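Keep the model open as you read.

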Amino acid sequence: MEKIQQAARIIASSSDVLVFSGAGVSAESGIPTFRGEGGLWERYPTNIYANLPGLAGVFLLSKDRIASFFSDALRPLVEAKPNPAHEALARLEEAGKISAIVTQNIDDLHLAAGSREVLEVHGSAYRVRCSRCGAREGRSRKDINDVLDKLDVPTISRRQMISALNEFSGNCLCGGRYRPDVVFFGESLPMETIEEAADRASRCDCLLSVGTSVLVYPAATVPAIAASFGASVIDINPCETTLSSTADVFVKMKAGKAMPAIADEVLRLSN
Ligand code: OAD
């Protein structure tokens, strides 16, 4: 409990707290993380599944494998609900104790929990983006479920799969094709969003990292920028990360347990 209190004291006495979140914050909502035991990338290697040319290759070799990847990656997302960690972060924002969340997650669980300032540096599963003009359009949980249901039919042909995926994506008014608005390996991050994240990182006086291995760049420069500008760093994770040893406080706990306790203590100290 000492670590919870230390973290809460830092947050309560800071004037600009920026959160950096990753897959671990959604783990207790039932969404598997990427790395580690049972992680998505353990079952689906990144050199094949985390990039579009690799996915196109798998599609040609085994359409069933592509359907199972989409299902394993997306079903948990559309079924998930915010957990106590998301809710605690939303409470802290509402109380003016955190300024924004920079998230690497493509689930919408911070927004669903009520957080408003959310910078999605790896995009969102719930949007498509025009490959020609960059316009974005929303897609619902039902849209994603419907396409997954079609892909899951064992007798589906490759042609039917392509048409189901095209129907989901759709065409932009400019005539360009929509694609998922998520960042695959080797692709650029959305420029405005990552610039705003870097700017906020350079201005914050506390960086609260929750549920991320802090291994994937350029997103992982966000905590590095904050630390280099003198911000206090708090790391919340049941396992050590690249930040833990240099953080001002390392709370070695699951986010769903640590964050509500920290939020309660911050709000108590601030009243
Ligand atoms: P990782 O899978 O690399 O790391 C998840 C982190 O969450 C690990 O450090 C776990 O120890 C921690 N964790 C697990 N359960 C937790 C819990 N209940 N509470 C708190 N922490 C917990 O996921 P990210 O760091 O988010 O990018 O990975 C970053 C990026 O790598 C992702 O956005 C994705 C991936 O490849 C792209 O695909 C572009």
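The paragraphs below go through the sheets and then the helices.

This is a predicted model: local features need pLDDT of at least 70, side-chain atom pairs count only at pLDDT 80 or more, and totals for chains, interfaces and linings use all residues. Residues are numbered from 1 along each chain as its sequence is written, and side-chain values use heavy atoms, with hydrogens and water left out. Helices (H or I, at least four residues) and strands (E, at least two) are DSSP runs, numbered from the N terminus.

Start with the open sheet of six strands. Its order is S3-S2-S1-S7-S8-S9, and the pairing is parallel. Two strands pair if DSSP finds at least two bridges between them. Strand S3 (118-120) and strand S9 (249-251) stand at the edges. Each has a single partner strand, so one side of each is left without a neighbour in the sheet. On average, neighbouring strands here are turned by 15° against each other, direction ignored. Look next at strand S1 (residues 17-21) and strand S7 (residues 206-210), which pair in the parallel sense over five bridges. Val17 has Cys206 in S7 as its bridge partner.

Two helices lie across this sheet. Helix H11 (residues 191-203) lies across S1, strand S2 (100-103) and S3, and runs at about 130° to S3. Helix H13 (residues 255-270) lies across S7, strand S8 (232-236) and S9, at about 135° to S8. Axes are lines fitted to C-alpha atoms, for helices over the stretch in contact, and angles run from 0 to 180 degrees between N-to-C directions. Contact means heavy atoms within 4.5 Å.

Now turn to the open sheet of three strands. Its order is S5-S4-S6, with antiparallel pairing. S5 and S6 are the edge strands, and each pairs on one side only. The twist averages 40° from one strand to the next. Strand S4 (residues 123-130) is mostly covered, with six of its eight residues buried (under 20% relative accessible area, with a 1.4 Å probe and protein chains only). S4 pairs with strand S6 (residues 178-182) in the antiparallel sense over four bridges. There, Val128 stands opposite Pro180, and Arg129 has Arg179 as its bridge partner. Three bridges join S4 to strand S5 (residues 136-138), also antiparallel. Arg129 stands opposite Arg136 in S5. S4 and S5 form a hairpin with five residues between them. In the turn, Gly134 has a positive phi of about 85°.

How do the helices pack? Helix H1 (residues 2-13) and H13 pack at an angle of about 50°, with their axes 8 Å apart. The crossing is right-handed (the near helix is turned clockwise from the far one by less than a right angle). Residues of H1 in this contact include Ile4, Ala8 and Ile11, and those of H13 include Ala258, Ile262 and Leu269. The residues of the contact divide into ten nonpolar, two polar and two charged. Ala, Val, Leu, Ile, Met, Phe, Trp, Tyr, Cys and Pro count as nonpolar, Asp, Glu, Lys and Arg as charged, and the others, Gly among them, as polar.

Finish with another helix pair. The axes of helix H6 (residues 63-79) and helix H10 (residues 158-169) come within 11 Å and cross at roughly 30°. That makes H6 roughly parallel to H10.

Notes:
Parallel < 35°, antiparallel > 145°, perpendicular 65-115°, else oblique. Buried < 20%, exposed > 50% of the residue type's maximum accessible area, 1.4 Å probe, protein only.
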